[in-house]
Amino acid sequence: MQDHESKDVDIARALTWIVGQFESLSAPYQIVGGLAARAWGGTRDVVDIDLYAPFDRAQSVLTAISPYVVWGPERYRSDCWDLTFLKLDFAGQRLEVGDSASSPRFFNVVAGVWEDQVIDIESSDRLNVLGTTCCVIPKAELIRYKRALDRPVDRLDVAQLEGI
């Protein structure tokens, strides 16, 4: 098991790489999930890097990162998520890129309904995350969807973010 600092180094390296791919090719993207919570001041360990991009506007990036794809892109549905995404492995670090153009949804546990995951890339905030400045989901939207998902990890993120 990796310690917190060495895990952050791996995440930082992979984040710098993936953001560089999107930005050098002028493709839109938005960091979400646990890493977005870290960007907004959360402190929990992050396992992977989650981001959304409209695949129909990011073909050049999808081509550039294709050597690192280990799964997908495919439609995936679980108890929590219904979306098209792909998984990457960059130097042992997992990244997941969801297609924001394919109507991603999550299960809102509080309301008991499937809800569209609206990714408004234009509203992204530019924040420094582990040494890389990148496009991050707005804090209020991150809290809103994490509160609706209501998994233990989401409750932890919401508690930390609301306490900041």
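Biologist: Where does L130 lie?

Modeller: This is a predicted model, so local features need pLDDT of at least 70, side-chain atom pairs count only at pLDDT 80 or more, and totals for chains, interfaces and linings use all residues. Residues are numbered from 1 along each chain as its sequence is written, and side-chain values use heavy atoms, with hydrogens and water left out. Strands are DSSP runs of E with at least two residues, helices are runs of H or I with at least four, and both are numbered from the N terminus. L130 lies in the loop between β8 (125-129) and β9 (132-136).

Biologist: What is the relative accessibility of L130?

Modeller: Buried means under 20% relative accessible area, exposed over 50%, and partly exposed in between, using a 1.4 Å probe and protein chains only. L130 counts as partly exposed, and its relative accessibility is 30%.

Biologist: Which loop holds S26, and is S26 buried or exposed?

Modeller: S26 is a residue other than glycine with a positive phi, near 50°. Its loop runs between α1 (4-24) and β1 (30-32). With a relative accessibility of 68%, S26 counts as exposed.

Biologist: Which side chain makes a polar contact with the side chain of D154?

Modeller: D154 sits in helix α5 (residues 152-162) and counts as buried, at 0% relative accessibility. A polar contact is a pair of N or O atoms within 3.5 Å; within protein, one must be able to donate a hydrogen and the other to accept it, and residues adjacent in sequence count only if both atoms are side-chain atoms. At 2.8 Å, the partner of D154 is the side chain of K146.

Biologist: How many aromatic pairs are there in the whole structure?

Modeller: Rings of Phe, Tyr and Trp (its six-membered ring) pair if their centres lie within 6.5 Å; planes under 30 degrees apart are stacked, over 60 edge-to-face, and the rest tilted. Searching the whole structure on that basis gives eleven.

Biologist: What is the arrangement of the pair formed by Y76 and F85?

Modeller: Y76 is partly exposed at 34% relative accessible area, whereas F85 is buried at 7%. Their ring centres are 5.6 Å apart, with 80° between the planes, and the pair is edge-to-face.
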